[in-house]
Amino acid sequence: MEEKLVLVGVGHVFDISTQIKEIIDTIDPDAVALELDKNRLQFLLSPVKNKKSPNFLYFILSKIQEKIAKKYGVTTGSEMLSAATMAKDKGIDILCIDKDARVVIEKLWKAIPLKRKILFLVGSLSSIFISKRKVEKELSSFEEEPEFYLDQVGGYFPEFKKILIDERNEFMCNKLIDYLNKYNTIVAFVGEGHIAGLQKLIGDRVPITIIHLQNLRENNWRDII
């Protein structure tokens with residue numbers, strides 16, 4: 001294959017581990033890049049029981065993901081663990097391309113004004129009890145117009161979009177461009193919410209193939225590569 005970079009959109013709460021392993025096996029890249037920092041990768045590979053959350057916001061976000069993941073019969077981060085395990089088994093280099101999650105969440109919590117902190121916490125409580133049907137509906141809305149959806153989020157919580165999405169997109173883009181000077185073919189697994197931003201930032205600097213989360217869930221990703 002001639003692709004230099006394959007961006008794969010994933011969801012941290014969906015059962016897509018089989019598709020991820022098959023993508024790595026099919027493409028057989030020089031490196032697998034993950035939307036993780038080194039600490040999070042180490043935790044996935046060697047979980048620590050009763051690990052203390054860096055702060056309250058980190059704890060809340062983790063609990064929301066855990067609750068939604070259970071509705072799909074998986075644990076949070078199972079897709080990243082599958083990618084890392086497959087890469088290790090095949091002797092493929094693993095690249096951590098994300099910012100330190102603890103630093104990001106600390107910065108975010110400090111940046112959110114008190115009023116929006118309260119709104120977020122109220123919304124978070126309801127998110128814990130969100131139905132699987134509601135998750136699917138929100139995902140469908142996002143897949144139809146991802147940039148519009150993220151702009152709406154930015155309208156309510158501008159700090160979230162700036163710090164959790166935009167700044168991390170820039171960081172991951174720079175990491176990928178740097179690594180492409182060393183590796184000929186990289187498969188990068190990132191949250192679907194980062195795909196549009198990364199694609200725009202990378203532009204035509206390197207050839208890109210995009211596999212969306214929907215392609216994984218419908219298992220038609222082979223049609224793309």
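Which residue lies over the face of Phe14, and at what distance from the ring centre? That would be Arg217, at 4.5 Å from the ring centre of Phe14. A charge sits over a ring here if NZ of Lys or CZ of Arg is within 6 Å of the ring centre and within 35 degrees of the ring normal.

## Before you dig in

This is a predicted model, where local features need pLDDT of at least 70 and side-chain atom pairs count only at pLDDT 80 or more, while totals for chains, interfaces and linings use all residues. Residues are numbered from 1 along each chain as its sequence is written, and side-chain values use heavy atoms, with hydrogens and water left out.

## Strand β1

Let's start with β1, residues 5-10. Helices (H or I, at least four residues) and strands (E, at least two) are DSSP runs, numbered from the N terminus. Six of the six residues in β1 are buried, so the strand is largely enclosed by the rest of the structure. Buried means under 20% relative accessible area, exposed means over 50%, and partly exposed is in between (1.4 Å probe, protein chains only). In a regular strand, side chains alternate between the two faces of the sheet. Both faces of β1 are covered: Leu5, Leu7 and Gly9 are buried on one side, and Val6, Val8 and Val10 on the other.

As for partners, β1 pairs with strand β4 (residues 186-191) in the parallel sense, over six bridges. Pairing takes at least two DSSP bridges between the strands. Leu7 stands opposite Ala188 in β4. Strand β5 (residues 208-211) also runs parallel to β1, joined by four bridges, and there Val6 has Thr209 as its bridge partner.

Ser82 has its place in helix α4 (residues 78-89), and at 9% relative accessibility Ser82 counts as buried.

The side chains of Ser82 and Ser17 are joined by a polar contact of 2.8 Å. Such a contact is a pair of N or O atoms within 3.5 Å; within protein, one must be able to donate a hydrogen and the other to accept it, and residues adjacent in sequence count only if both atoms are side-chain atoms. If you leave aside neighbours within four places in sequence, Ser82 is in contact (heavy atoms within 4.5 Å) with Ser17 and Lys21.

Rings of Phe, Tyr and Trp (its six-membered ring) pair if their centres lie within 6.5 Å; planes under 30 degrees apart count as stacked, over 60 as edge-to-face and the rest as tilted. By this rule there is one aromatic pair. Tyr179 and Tyr183 form it, tilted, at 6.3 Å centre to centre with 55° between the planes. Tyr179 is partly exposed at 23% relative accessibility, whereas Tyr183 is buried at 9%.

## Two positive phi angles

Asp28 isn't a glycine, but has a positive phi of about 50°. Asp28 lies in the loop between α1 (17-27) and β2 (31-34) and is partly exposed at 48% relative accessibility.

Asn219, not a glycine either, has a positive phi of about 55°. Asn219 lies in the segment after α11 (213-217) and is partly exposed, with a relative accessible area of 41%.
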